[in-house]
Amino acid sequence: MSKSNFDNKESLRKVGVVGMGYVGIPSALLLADSGKFDIVYGFQRDSSTSGYKIKMLNSGECPLKGDEPGIDDMLKRVITAGKFKATSDFSRIKELDAIALAIQTPFKDPKDLVPDFGALIEGLRLVGKNLSKGTLVVLESTITPGTTDGMARQILEDESGLVAGRDFMLAHAPERVMVGRLLRNIREHDRIVGGIDERSTQRAMELYAPVLTKGKLIPMTARAAEITKTAENTFRDLQIAAINELALYCEAMGINVYDVRSGIDSLKGEGITRAILWPGAGVGGHCLTKDTYHLERGVKISGCHLDYPEGKDSLFVLARNINDFMPKHMYNLTVRALERINKKRVQAKIAILGWAFINDSDDARNTPSETYRDLLLRDGAMVEVHDPHVLDYPGVPISHDLTETLANADVVAIFAGHKDYRALQAKAVKKLTGKEHPVILDGRNIIDPELFIGEGFIYKGIGRGDKNEHALI
Ligand code: SAJ
């Protein structure tokens, strides 16, 4: 195909994905398995930390941890069919009709709103250096609004000497994957596709159409696509913050927030929506803890005038502050509970149940449990962490023996709603602690307060204003 003229709608034949991680691998395999492309290359830098993935992938072994239904079979299928090849040879990008970048964009420290675009910039430089006329470039990573048509466009043009929109196409098609259902999410979620111009949008739709089953393509501009992705997580974080704030109010007013939640949720009917979520010990993970700051930064660097209430904090950042306060609230509840038995934190053993940021998962990224642990370590308490799914975590010993963790504990703090913890028996736990009045904190509303209060526990639950000041049995 003559690359210089992509007006004639030649089909996309050779495509590639940069970044063999939990976004790039399923993305590349689904493209390869679609049967619509001659070859799909999976580009991976041959670095000391990730270079091993190249050989693993080409030998039909998936380097992703955890159970990902269908991914092993798909990998073997596309390798056998010669439709997929992992490589560190970025010069092959010259041959391609389309190249997607699936590279992480974490924040060094959300407080200063500066994302760590280092890896993405390196990827853009490598693509730019090998970019040929007529190629489509797509960014799949979650990025600050304004990046596609800003920093990314600039780097690609500087490195290639080509002009975006004229010589190559450029779009943003944000991923919506979730660990444990990578392939399903890409196939079934609608796919936002945003080009820097109409032709880029159309070309990107051609790339992703073959991998969708239930999902539909939703075209828009690149900037709108960037805002959509960051805002869809910002709105979820906002909804969680709203119910967390209500939980704090209910605790203060002696009310069970779950009664109020059921009451609000009962309001149904035409055009009535109340997306009321669940209060808890905090919000962790890779998405909700950073996407709000991408959105905020997007507004700030846009250079456009924002008309907003004078001197007022962003509602979205306030939501982040409320969610980040919840592990601190768990700490405050702990302090109040120990005061009831005149126990100093410095002499207390604290058992944290749950290090994963989400129920029945081994994913501990940005776990709220860490804030709670740090506060108690600072008080000189002895803290032990249990989690049945998290194998290890840098600098934090994780026990997989619940009996041992509960032994002699003054405080039992439930941070994850793991199945194992829903089965906790009040009598058995009391016996293991060996204490007359152990404290139990329910951060995910998974135990029955009366059963534990009846055994002599001091109970504190998020949103449980109806129980948190109970009489000591
Ligand atoms: N959480 C609450 N209350 C809730 C829901 C969640 O406290 O009602 C807490 C969880 O305990 C966890 C954190 O929030 O610590 C995040 O939970 P999450 O269910 O949002 O899980 P994530 O972070 O994996 O979010 C993903 C995102 N999916 C993608 O990025 C494709 C998010 O956009 C989805 O909305 C979310 O899954 C989902 O709906 O499952």
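Let's start at D67, which sits in the loop between α2 (52-58) and α3 (71-80). Helices here are DSSP runs of H or I with at least four residues, strands are E runs of at least two, and both are numbered from the N terminus. A word on the source: this is a predicted model, where local features need pLDDT of at least 70, side-chain atom pairs count only at pLDDT 80 or more, and totals for chains, interfaces and linings use all residues. Residues are numbered from 1 along each chain as its sequence is written, and side-chain values use heavy atoms, without hydrogens and water.

Back to D67. Its relative accessibility is 61%, so D67 counts as exposed (over 50%; buried is under 20%, partly exposed in between, with a 1.4 Å probe and protein chains only). Patch residues have over 30% relative accessible area and no salt bridge; like charges are joined within 9 Å, nonpolar side chains within 5 Å. A salt bridge puts a side-chain nitrogen of Lys or Arg within 4 Å of a carboxyl oxygen of Asp or Glu.

Next, a nonpolar patch. V299, L306, Y308 and L315 form it, with about 360 Å² of accessible area together. Y308 lies in the loop between α10 (291-301) and α11 (315-340). At 37% relative accessibility, Y308 is partly exposed.

Last, the sheet. Six strands make an open sheet, ordered β13-β12-β11-β14-β15-β16, with parallel pairing. Which strands are at the edges? β13 (398-399) and β16 (458-461), each pairing on one side only. Pairing takes at least two DSSP bridges. β12 (residues 382-386) and β13 pair in parallel over two bridges. V385 has I398 in β13 as its bridge partner.

Key: Accessible areas come from the Shrake-Rupley method with a 1.4 Å probe; for residues, only the protein chains shown count as cover.
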